[in-house]
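Hi everyone, thanks for coming.

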Amino acid sequence: MATGPTPAIAHQRTDAAWITTVFAGIMAALHIWKLPSALPVLQEELHISLILSGVLLGVVQVAGMLGGLAMSLLAEIYSQRKIMILGLLLLILGSALGSFSPNAAMLLGTRIIEGVGVIMCSVMGPGLVRVHAPLHRMNLAVGWWAAFMGIATFFGVLGTAVALRFISWQSWWFILAVLTVLPILLILKFVSASAPGGGTSAKEALRKIVVTAASGRIWISGIIFGCYTVQWMAIVGFLPTIFREDGLSPILGGLFSAVVGGLNALGAIITGLLLHRGIAGKKMLLASFAVMAVMALLTFAIDYPASLVLVQVLCVGLFSLCGAAVPATMTRLAVDLAPEGGSAPAAMGLMQQIFNIGNFTGPMLVAWLVVLTGGWSSTWWVSAFFGTLGLAMVMVLLPKNSPLNSIQHA
């Protein structure tokens, strides 16, 4: 089992530090979720097809697919704090350059730059939270970290929908680049420069990563996480487009989509509290995948009339709320899964690489199904398949007498 933070840095456990880390994660993820509400505008201005829209939604995850372990290597050598700051700087660069994109090709390139920034922040975040959060608030802090994507979804989707009523998408991209300076300043002030990570030789860091990558449990955990992201990213990412096709205004469609994303954040925070109260993570994982499959079926298999759109919103909202138990629980598990002599950042990095395959392929898979079948009603097939796979992988990772079933105590 990976070792915890050293006594020398115990005094750095402050609420300001872990809250700042969560805020930095939210700001990073805003650059993912500024896109869905802008897709209809981009499709018109840059002549982007539905399938290319899926590529734009997923391409930001390419860096995560390829570079999770590389990020963990950098964290061992240079410290997680420095890598998170570098990630935020890349997000500023990518978003600023994106604001000048004259075509889809350049926008795609800038999204890849943003993807590198996002993976840097998302791999570093859990370790920074765990080393800085007061011990009696550890599960709560980890729950808030797991909520960062849902919070960013709420503000990114709704904020973009509102902003594009008054300014161009190019201006919004540039404004978000400027706003991303703020978490850098807060990290410099509140997050200690001395921990965690850093100071390890490249050879030793590589050895830790090899030990971690040889652990089958990390791979299975990544698959579980990926079974969640492949369906959540695809469904929530296309919600503004779906609602617009249903005849809703951009603002109302953005509001409903944002609420769905916000419910995911609420679900992650609730999961952290339930873990703290002693509810076994295995039970929440199994229930989460089951509920997601059922709610996806109810959301898309039924052709709702306009008068019942709120029922559809309720179903997809429950899909997002209950689905949050997967990232919250798996994020809490990540550090405990690191093998003896391994690396917690490497465990998170490898999991990121695997589940970002889901983030990347999910939107394209759903877009392909929509084009193939002529409508969104086939979307639930993705959730049913990956929900079943997720259930099976949970049973493999957490058999009946597994000690990992008692992760609720920090």
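Which helices supply at least two residues each to the lining of the largest cavity? They are α6, α7 (138–146), α8 (148–163), α12, α16 (325–337) and α17 (344–373); helices here are DSSP runs of H or I with at least four residues, strands are E runs of at least two, and numbering starts from the N terminus. This is a predicted model, where local features need pLDDT of at least 70 and side-chain atom pairs count only at pLDDT 80 or more, while totals for chains, interfaces and linings use all residues. Residues are numbered from 1 along each chain as its sequence is written, and side-chain values use heavy atoms, with hydrogens and water left out.

A cavity is a set of points on a 1 Å grid over the protein atoms alone where a 1.4 Å probe fits but cannot get out; a pocket is an open set with protein on both sides within 12 Å along at least five of seven lines, and lining residues have an atom within 4 Å of a point. By this rule there is one cavity of 30 Å³ or more. The largest cavity holds about 310 Å³, the space filled by probe spheres set on grid points joined across faces, edges and corners. Its lining has 25 residues, with F148, M149, F225, F355 and N359 closest to the centre. By class, that lining has 15 nonpolar, 10 polar and no charged residues. Nonpolar means Ala, Val, Leu, Ile, Met, Phe, Trp, Tyr, Cys and Pro, charged means Asp, Glu, Lys and Arg, and the others, Gly among them, are polar.

Now to α12 and α17. Their axes come within 7 Å and cross at roughly 35 degrees; axes are lines fitted to C-alpha atoms, for helices over the stretch in contact, with angles from 0 to 180 degrees between N-to-C directions. The contact of α12 with α17 has 16 nonpolar, eight polar and no charged residues.

Finally, the second largest pocket has a volume of about 320 Å³. Among its 16 lining residues, D246, I302, D303, Y304 and Q312 lie nearest its centre. The lining of this pocket divides into nine nonpolar, four polar and three charged residues.
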